[in-house]
Amino acid sequence: MPLHNYMDMFKALPLCAALLFTGLYSVAATAQTVQTEGIAAPAYSIESSVAKENLLLDVVRTGQRLVVVGDRGHILYSDNEGKSWLQARVPTQQLLTAVHFVDDRHGWAVGHDTLILSTRDGGATWIRQYDNLEAESPLLDIWFKDLNQGYAVGAYGMLLETRNGGQEWHRIDEKLGNEDAFHLNAITAVGNAGIFIVGEMGVMFRSTDWGETWEALEEPYQGSLFGVVAGSESNTLVVYGLRGHVFRSTDFGESWEEVTVLNEGARLQFGLAGSAVSDKGDILIVGHGGSLLRSHDEGKSFEVFSRADRTSLSAVIDGKDGGLILVGQNGIYLTDEQGEDMLDKNKTGGHRNDN
């Protein structure tokens, strides 16, 4: 399957592209179950004083703690809003692509080699729950409904499900009807409506019964979608992807409207990679070229802020001090609400362009 859409997305992140998509091979369509005790002893991530400055792909908040994941199996956590970071003990040296917590202590991370890790202590230590070295395919996102039921998505249409907290994972790709095995890039819940998945070539899938059944939706766009974020209003969600494309739905994907995002008077052309909802209810989206998008109206329109360094960004989360925590190509950034580094307030920073 051609990967040109992915290479376009990561052209500003050559290291990420090489790690994330070199060696994507076909994956057997048969269901698999792997139990923890059957997994070989792993190599642990190497402790590094500069891990926070290397490629990082996701950040989440769990209670008062921040957790980030990324290159070489690095997982870092902070209990003081990112002012200092500790490196977790992690049984892999593979690139980790996403992390998700259901409460202050229980979380999961995914990455290369169809790898799933879990933690029970808020991200300080991790164990392997699942991997498939023969598949050599990355998992790209993970989401849990509760302590037991969860889903992971990845390359070549891979969809994994657990109903016992990850003790067993089962391959359930066939439930999607994704006959072309398009890559699945992101999964999330949309309020009380259900679960939503987006992927390559604009494919979309939803489940209104929380994973029991799935249906494919007619996509509004033929290019790849890299993320989905739920708004605070019922059934409202925003999807985004290549070349600044953003679409909004208020009926859980039944219909869509395109949101034109302008940057310096022209349509935004940078790929968009990660998102979050702020404590104020603003939708935040980040991407390449140092792009930070903020919507105050449930995704109807966006302000665009551009970091001066134009570094590629992969994820964002609200800071408790009114700023943001961004992660990406060069690690962790503590910024103000416009994406300008807190330590560089007196230097030339981000600038804004409104829709």
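Of the 18 residues that make up the largest nonpolar core, those touching the most other members are Phe-196, Val-198, Met-204, Val-228, Leu-237, Val-239 and Trp-256. A nonpolar core here is a set of buried Ala, Val, Leu, Ile, Met, Phe, Trp, Tyr and Cys residues joined through side-chain atoms within 4.5 Å, where buried means under 20% relative accessible area, exposed over 50%, and partly exposed in between (1.4 Å probe, protein chains only). Strands E13 (184–190), E14 (194–199), E17 (225–230) and E18 (237–241) are the elements that give two or more residues to this core, and E17 supplies the largest share, four residues. In soluble globular proteins, nonpolar side chains tend to be buried together.

Before going further, please keep in mind that this is a predicted model, in which local features need pLDDT of at least 70 and side-chain atom pairs count only at pLDDT 80 or more, while totals for chains, interfaces and linings use all residues. Residues are numbered from 1 along each chain as its sequence is written, and side-chain values use heavy atoms, with hydrogens and water left out.

Strand E14 is mostly covered, with six of its six residues buried. Strands are DSSP runs (E, at least two residues; helices are H or I, at least four), numbered from the N terminus, and two strands pair if DSSP finds at least two bridges between them.

| Pair | Bridges | Residues opposite each other |
|---|---|---|
| E13 and E14 | six | Leu-184 and Gly-199 |
| E9 and E10 (150–154) | five | Ile-142 and Ala-152 |

E13 and E14 form a hairpin with three residues between them, and Gly-191 in that turn has a positive phi of about 50°. The hairpin of E14 and E15 has four residues between its strands, and Met-201 in the turn has a positive phi of about 60°.

Elsewhere, four strands form an open sheet in the order E9-E10-E11-E12, with antiparallel pairing. Strands E9 (139–144) and E12 (170–171) stand at the edges with a single partner strand each, so one side of each is left without a neighbour in the sheet.

Finally, a word on confidence: pLDDT is the predictor's confidence in each residue, from 0 to 100. The protein chain has a mean of 87, and 85% of its residues reach 70 or more. Over residues 345–355 the pLDDT is below 50, and it also stays under 50 over residues 1–38.

Methods. Contact = heavy atoms within 4.5 Å.
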